[in-house]
Amino acid sequence: QVELVESGGGLVQPGGSLRLSCEVSRFALDYYAIGWFRQAPGKEREGVACISGSPAKTYYADSVKARFTISRNNRKNTVSLQMNSLKPDDTAVYYCATYVACGPQVDANYWGQGTQVTVSS
């Protein structure tokens with residue numbers, strides 16, 4: 001079965017950076033897509049970024065454009081989310097999920113358990 005494990009979350013001050021990783025097993029990253037999502041307490045889960053299979057095109061939510069970068073390493077079966085210039089509003093549990101192709105989160109097939117990101121002074 002497809003499995004996803006997120007890592008890299010933690011506590012960071014506003015303006016700082018974190019790099020999240022999503023390790024995916026039994027899934028072809030070069031053919032299908034991986035998306036990053038986040039959910040803050042009391043808020044709905046929202047899409048953050050997505051990277052497609054072939055070609056590896058990227059998509060970002062307006063709230064994170066120019067600050068976050070999604071990338072993949074097919075050899076390591078890993079998708080990363082580099083987060084720069086972090087803001088308190090970025091505080092959330094971050095999840096990665098698989099797609100046939102990038103799109104709405106209702107189309108995601110498999111989900112990881114999430115990693116906590118806290119941006120606070």
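Me: How many helices and strands does the protein chain have?
Reply: This is a predicted model, and in it the protein chain has zero helices and 10 strands. Going from the N terminus, the elements read β-β-β-β-β-β-β-β-β-β.

Me: OK, and what size of box do the C-alpha atoms fill?
Reply: Roughly 40 × 25 × 25 Å, taken along the principal axes.

Me: How does the radius of gyration fit with a compact globule?
Reply: It agrees: a compact globule with 121 residues would come out near 14 Å, and the protein chain has 13 Å.

Me: What share of the residues is buried?
Reply: Of the 121 residues, 39% count as buried.

Me: Let's go inside then. Which residues touch the most other members in the largest nonpolar core?
Reply: Ile 34, Trp 36, Leu 81, Met 83 and Tyr 94 do, in a core of 27 residues. In soluble globular proteins, nonpolar side chains tend to be buried together.

Me: Which strands supply at least two residues of this core?
Reply: β3 (18-25), β4 (33-39), β5 (46-51), β7 (68-73), β8 (78-83), β9 and β10 each do. The largest share comes from β3, with four residues.

Me: Back to Ile 34. What does Ile 34 touch, not counting residues up to four places away in sequence?
Reply: Quite a list, including Leu 4, Val 24, Phe 27, Ile 51, Ile 70, Val 79 and Cys 96. Ala 49, Cys 50 and Ala 97 are also among the contacts of Ile 34.

Me: What about a second core, which residues are in there?
Reply: The second core is separate and has six residues, among them Phe 37, Cys 50, Ala 97 and Ala 108.

Me: Changing topic: how many salt bridges are there?
Reply: The count comes to five. One of them pairs Arg 26 with Glu 3, with the closest N and O atoms 3.4 Å apart.

Me: Where do Arg 26 and Glu 3 lie?
Reply: Arg 26 is in the loop between β3 and β4, while Glu 3 is in strand β1 (residues 3-7), so the pair ties together parts that are 23 residues apart in sequence.

Me: Is Arg 26 buried or exposed?
Reply: Exposed, because its relative accessibility is 53%. Glu 3 counts as partly exposed, at 44%.

Me: And Arg 38, buried or exposed?
Reply: Arg 38 is buried, with a relative accessible area of 5%. Its salt bridge partner is Glu 46, with the closest N and O atoms 2.7 Å apart, and Glu 46 is partly exposed at 36%.

Me: Which residues are linked with them in a network of salt bridges?
Reply: Arg 67 and Asp 90 are linked with Arg 38 and Glu 46 in that network.

Me: What does Asp 62 form a salt bridge with?
Reply: With Lys 65, where the closest N and O atoms are 3.2 Å apart. Asp 62 is exposed at 66% relative accessibility, whereas Lys 65 is partly exposed at 45%.

Me: Last one: which residues form a nonpolar patch on the surface?
Reply: Tyr 31, Tyr 32 and Val 100, which together have about 360 Å² of accessible area. Val 100 sits in the loop between β9 (92-99) and β10 (115-119), and at 58% relative accessible area Val 100 is exposed.

Notes. Residues are numbered from 1 along each chain as its sequence is written. This is a predicted model: local features need pLDDT of at least 70, side-chain atom pairs count only at pLDDT 80 or more; totals for chains, interfaces and linings use all residues. Side-chain values use heavy atoms; hydrogens and water are left out. Patches are made of residues with over 30% relative accessible area and no salt bridge: like charges are joined within 9 Å, nonpolar side chains (Val, Leu, Ile, Met, Phe, Trp, Tyr) within 5 Å. Accessible areas come from the Shrake-Rupley method with a 1.4 Å probe; for residues, only the protein chains shown count as cover. A salt bridge is a side-chain nitrogen of Lys or Arg within 4 Å of a carboxyl oxygen of Asp or Glu. Buried means under 20% relative accessible area, exposed over 50%, partly exposed in between (1.4 Å probe, protein chains only). The radius of gyration is taken over C-alpha atoms; the globule rule is 2.2 Å times the number of residues to the power 0.38. A nonpolar core is a set of buried Ala, Val, Leu, Ile, Met, Phe, Trp, Tyr and Cys residues joined through side-chain atoms within 4.5 Å. Contact means heavy atoms within 4.5 Å.
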